[in-house]
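This report describes how the parts of one chain are arranged. Please keep the sequence and the structure in view while reading.

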Amino acid sequence: MRYEFRIAGLVSAALAEAFPELDHTAMPDQTLFYGTVTDEAHLFGLLNRFQSLGLHVVEMRQLPESRAGPPSRG
């Protein structure tokens, strides 16, 4: 399953390294993390990791499998 996590604010490169299984992209006032989540335990582990690092998840959603990255800006 692929998921997208929108995090409030810009996440530093050092903090982003805490999520090696996810790609990330800086957006205006947010950081977008996205990638494959293997199962429900992995999903809850990611959410716990965001929280323990003080990162606020604004939005989380499951992506279609064909989606390869962040939304196009257009």
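In helix H2 of this predicted model, the buried residues are His42, Leu43, Leu46 and Phe50. They lie on the same side of H2, because the arc they cover around the axis is only 105 degrees. In an α-helix, residues three or four places apart point the same way, since there are 3.6 residues a turn. The face turned away from the buried side of H2 holds exposed residues: Glu40, Ala41, Phe44, Gln51 and Ser52.

H2 is made of 13 residues, and the distance from its first C-alpha to its last is 18 Å, close to the 18 Å expected at 1.5 Å a residue. What lies over its buried residues includes S1, S3 and S4. H2 lies across these strands, running at about 10 degrees to S1.

The strands belong to an open sheet of 4 strands in the order S2-S3-S1-S4, with antiparallel pairing. S2 and S4 are the edge strands, each pairing on one side only. From one strand to the next, the twist averages 15 degrees. Between S1 and S4 there are 6 bridges; in one of them, Arg2 is partnered with Leu63 of S4.

| Element | Residues |
|---|---|
| Strand S1 | 2-8 |
| Strand S2 | 23-27 |
| Strand S3 | 30-36 |
| Strand S4 | 57-63 |
| Helix H2 | 40-52 |

The largest nonpolar core has 13 residues, and those touching the most other members are Phe5, Ile7, Phe19, Leu22, Phe33, Leu46 and Phe50. S1 and H2 are the elements that give two or more residues to this core. Beyond its neighbours within four places in sequence, Phe33 is in contact with residues including Phe5, Ile7, Phe19, Leu22 and Phe50.

Notes
Residues numbered from 1 in each chain as written. Predicted model: local features only at pLDDT ≥ 70, side-chain atom pairs only at ≥ 80, totals over all residues. Heavy atoms only, no water. Pairing = 2+ DSSP bridges. Axes fitted to C-alpha atoms, helices over the stretch in contact; angles between N-to-C directions. Contact = heavy atoms within 4.5 Å. Core = buried A, V, L, I, M, F, W, Y, C linked by side-chain atoms within 4.5 Å. Buried < 20%, exposed > 50% of the residue type's maximum accessible area, 1.4 Å probe, protein only. Expected span 1.5 Å × (residues − 1). Arc of directions from axis to C-beta.
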